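I opened my notebook to look up a few things in this structure.

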Amino acid sequence: MVFAVLLVIGSITISQLTLGEQFRIIANIGTSATQVFGTLIAVFLGVGLVSKEIDRRTCYPALARPISRAGFVTGKYLGLLATLLLNVVLMAAATAAVLAFYRGSAVFLDFAFAATFALTLVQLAVCAALAVLFSTFTTATLAAICSLSIVGAGWLFGEVRFFWLNARQADMKQLVRVLDVLLPNMSLLDVKEAVTYGDVVTVGSALARGAYGAGYAAVLLLLASVIFSRRDIR
Amino acid sequence: MADLAITCSSLSKTYRLGFRARKVEALAALDLAVAPGSIYGFIGPNGAGKSTTIKILVGLVRPSAGRAALFGRDISDPRARLSVGYLPENPSFHDFMRPLEVLRYLGRLSGLSGADLDRRAEALIDRVGLGHARDLTVRKFSKGMVQRLGLAQALIHDPPLLILDEPMSGLDPIGRKEVRDLILELRQQGKTVFFSTHILPDVESICDRVGMVFKGRLMKEGALQGLLDGTVRAVELRCGPLTPTLLEALAPVTGPATALPEGHAFSFASVEAANLAAARLLASGGQLLSLLPHRESLEETFVRLAGAVGAADERPLP
Amino acid sequence: MRSHSVTLAALLAAAVGVTALTRGVLEPEASARGAVRDPAWLPSGQVLRIASFGQRLLLSDFYWLRTVSYMGETLLARSDRWEALLPLTEIVTDLDPRHGYAYQVTGSNLAGLAGRHAEADRILEKGMRALPERWNLPFIQATNKFIFEQDYPAAARLARRAAELSKKPHLALLAANLSALANTDDEYDAAAAFLTQMLGQADLPELRDDLATRLTRIRTFQVLARLERAVTAHRTRTGRLPVRLGDLLPAELTTLPADPSGGRFEYDPATGAVRSSVLGPRAPLRVTR
């Protein structure tokens with residue numbers, strides 16, 4: 001976390017290595033660092049969220065209280081989400097500060113800037129939900145591997161989907177239809193080009209993207225709740 | 001039904017273990033009824049199903065079949081757990097928290113809040129003897145301190161029913177006495193205490209009722225006195241030193257003697273036989289030291305039952 | 001106990017020694033590895049894009065920094081081996097097709113420093129497909145065509161495109177000068193048409209004056225060029241220069257054109273040169289303004 005903020009500040013130095021257009025390098029490092037470090041935080045905190053409570057038996061006195069399992073999972077998840085929110089806000093502030101320092105103005109602080117970081121939070125919410133889902137029925141290590149693989153596959157799929165859709169074989173299109181439902185299409189939640197190039201992001205587009213991610217995370221969390229409710233804590 | 005503190009009917013649990021889903025029957029049609037205001041000792045060998053029963057009651061494990069209810073409310077309803085305070089076996093808490101934080105966190109989950117919660121937490125910290133440790137994190141706690149904190153969290157919401165899994169384990173003799181006193185005090189406040197243990201003297205000293213569970217079945221259940229009163233197994237007579245002549249003369253009524261530092265001891269099958277022998281002894285100038293009826297102890301009952309069900313081949317259970 | 005500590009100390013010293021030694025061997029090699037030697041070893045931009053896990057902008061920046069340092073190293077080494085510049089920039093722009101600055105810098109350096117004109121065209125045309133609105137790209141290609149290839153018609157066409165995209169009518173003046181260098185009838189027509197169009201859009205008085213002056217000059221030069229071609233044709237046909245412009249009728253010209261600058265055409269029978277009494281001879285113009 002501290003490292004990520006330092007990286008953003010350090011991006012000024014990196015940006016001086018290039019010819020012109022330092023702005024884009026600072027912006028790219030800021031948005032990418034938020035995504036990459038946020039994803040790692042979301043996954044590695046997320047996988048410990050439930051499985052660690054079971055392994056260390058700290059959930060026993062909590063689950064024997066008048067709360068439902070779903071409530072427990074949701075509460076833990078919301079706690080993690082608050083951590084991620086803080087993380088994203090800090091990174092956005094650091095990026096904005098560095099960009100403002102470099103530019104001498106804050107014109108880039110528009111809706112697109114806010115939407116990019118807000119949608120990054122939605123991405124992290126999906127990652128965290130994946131991690132929590134896996135951690136309800138497997139070990140932390142396995143859960144981390146599984147969630148990172150699916151997040152990675154989600155990014156890959158966002159890139160190759162276009163090629164596959166234009167492929168000759170009809171079965172590729174069937175595969176795309178199936179993966180559309182199964183995998184989180186992370187690139188739908190990614191508008192960081194808007195910060196780099198000052199694109200306009202409409203409120204409707206941002207809301208639709210946010211709703212897609214929130215819906216996906218909600219499905220995962222529901223699954224996690226169902227699995228955890230059926231699980232015996234021994 | 002006048003709401004019993006705990007009712008279980010045909011409660012069963014079959015665990016599936018490992019990749020091949022090997023079935024292990026942890027609990028087989030267990031029936032149980034615990035009346036409010038009593039202290040109920042739940043005893044059995046390791047792996048008999050004590051912990052499984054308790055975990056089903058507090059909602060950690062789902063029963064495979066059968067029903068259970070706390071104060072008439074089915075355990076599938078989370079609100080059933082409003083009325084229960086649970087002390088897990090070897091409890092464990094987030095080790096970065098201080099005791100007051102643990103109590104506030106768990107108290108809030110039981111629906112407490114604000115000044116009421118703070119007040120109760122403060123009082124319980126002192127009540128369980130952790131007042132000196134309020135600024136330490138749980139990481140630095142000894143096993144006994146964690147156990148005390150476990151008791152405090154079970155009591156934080158002042159529940160009418162306490163379910164304690166091995167509450168004495170990990171405590172030194174003083175701690176055990178404190179826990180015993182606490183349990184007795186709770187009964188005086190009208191609470192129901194249900195606890196599992198394999199330390200039988202603890203049960204004998206404080207329980208009203210006892211259930212013995214073997215291989216997932218309740219084998220014997222009843223009031224402690226009822227379990228023990230049944231028969232006088234033997235009466236022991238002790239007397240001062242006797243001359244060999246006198247020993248021989250008394251032999252027909254006393255049977256063989258056992259030598260003791262202070263004299264001799266005799267064992268009789270009935271009170272009547274003992275009385276007869278005592279009368280002869282006194283009449284022949286012997287000195288009567290004591291006359292003690294030997295009832296079957298809980299331990300003997302337990303061992304006898306264990307032998308009957310072949311509990312020696314215990315199955316390891318998680 | 002003592003021998004124990006001595007053994008430990010020896011092991012420690014050995015371990016430190018090994019790391020120091022290997023580092024000394026490896027470090028020069030590692031810093032040399034940053035240089036791109038053979039473009040065949042560069043990955044494909046499309047593959048990198050898929051494997052970037054959503055971080056293609058960052059990866060594009062990374063390869064751009066490598067491209068910049070490659071340019072620096074090649075310049076410092078005074079070597080003419082520029083074969084990795086295009087592949088590197090292809091990677092950068094495959095990863096981020098909107099990285100306009102990369103097309104610009106590589107487009108001008110490939111032509112200016114490396115003399116690889118076809119490659120410069122390739123990267124600039126890729127850039128114009130990806131960023132059809134970015135005026136710098138046709139502008140840079142126009143300068144490439146003008147300075148390094150002397151392909152004036154192409155340069156003029158690209159300059160007009162840059163002028164149109166940038167809404168900078170000054171570039172129309174440049175385009176007109178390039179057309180004058182091209183010196184073909186079609187180019188004069190195109191330049192005149194474009195200047196007329198720009199005149200319709202310009203509102204600054206000074207700019208309108210500039211555009212109007214340039215338009216007159218282009219039209220005058222067009223006629224002068226036509227007269228020059230007629231004089232040459234006359235000499236080819238008859239073997240000598242015409243005595244006066246009227247001699248060009250009717251074989252070379254149907255009518256004698258008027259001077260669009262408002263003066264009249266003056267003809268020197270000794271040299272065969274034609275000039276306008278107002279604007280003088282058709283002469284190479286300053287390219288800027």
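I began with a definition: a residue is buried if 20 or more other C-beta atoms lie within 10 Å of its own. I also noted that this is a predicted model.

**Entry 1: one helix, α9(C)**

I looked up helix α9 of chain C, which runs over residues 170-182. How many of its 13 residues are buried? I found eleven, so by the cut-off of 20 C-beta atoms within 10 Å the helix is mostly covered.

Next I checked the length of α9(C). At 1.5 Å a residue, its 13 residues should span 18 Å. Its end C-alpha atoms are 19 Å apart, which agrees.

I then stepped just past the helix. There Asn183(C) takes a positive phi of about 60 degrees.

**Entry 2: two helices, α5(C) and α7(C)**

Two packed helices are described by the angle between their axes and the distance between the axes. I looked up both for α5(C) and α7(C), the latter being residues 136-148. Their axes come within 9 Å and cross at roughly 5 degrees. Angles under 35 degrees count as roughly parallel, so α5(C) is roughly parallel to α7(C).

Which residues make the contact? From α5(C) I listed Tyr103(C), Gln104(C), Gly107(C), Ser108(C), Ala111(C) and Gly112(C). From α7(C) I listed Asn136(C), Leu137(C), Ile140(C), Gln141(C), Asn144(C) and Phe148(C). By class, five are nonpolar, seven are polar and none is charged.

**Entry 3: the chains**

Which pair of chains has the most contacts, among the two pairs that touch? I found that it is chains A and B. Their contact takes 21 residues from chain B and 16 residues from chain A. The chain B side has twelve nonpolar, six polar and three charged residues.

I turned to chains A and C. Here the contact takes 14 residues from chain C and 24 residues from chain A. On the chain C side, α2 (45-50), α3 (56-76) and α5 (100-112) each give two or more residues. α3(C) gives the most, with six residues. This side divides into nine nonpolar, two polar and three charged residues.

Last, I looked up chains B and C. They do not touch, and their nearest C-alpha atoms are 34 Å apart.

Notes
Residues are numbered from 1 along each chain as its sequence is written. Chains are lettered from A and ligands numbered from 1 in the order in which they are written. This is a predicted model: local features need pLDDT of at least 70, side-chain atom pairs count only at pLDDT 80 or more; totals for chains, interfaces and linings use all residues. Two residues are in contact if their C-beta atoms, placed from the backbone, lie within 7 Å. Ala, Val, Leu, Ile, Met, Phe, Trp, Tyr, Cys and Pro count as nonpolar, Asp, Glu, Lys and Arg as charged, and the others, Gly among them, as polar. Helices (H or I, at least four residues) and strands (E, at least two) are DSSP runs, numbered from the N terminus. Axes are lines fitted to C-alpha atoms, for helices over the stretch in contact, and angles run from 0 to 180 degrees between N-to-C directions. Angles under 35 degrees count as roughly parallel, over 145 as roughly antiparallel, 65 to 115 as roughly perpendicular and the rest as oblique. The expected span of a helix is 1.5 Å times one less than its number of residues. A residue is buried if 20 or more other C-beta atoms lie within 10 Å of its own, exposed if 12 or fewer, and partly exposed in between; C-beta atoms are placed from the backbone.
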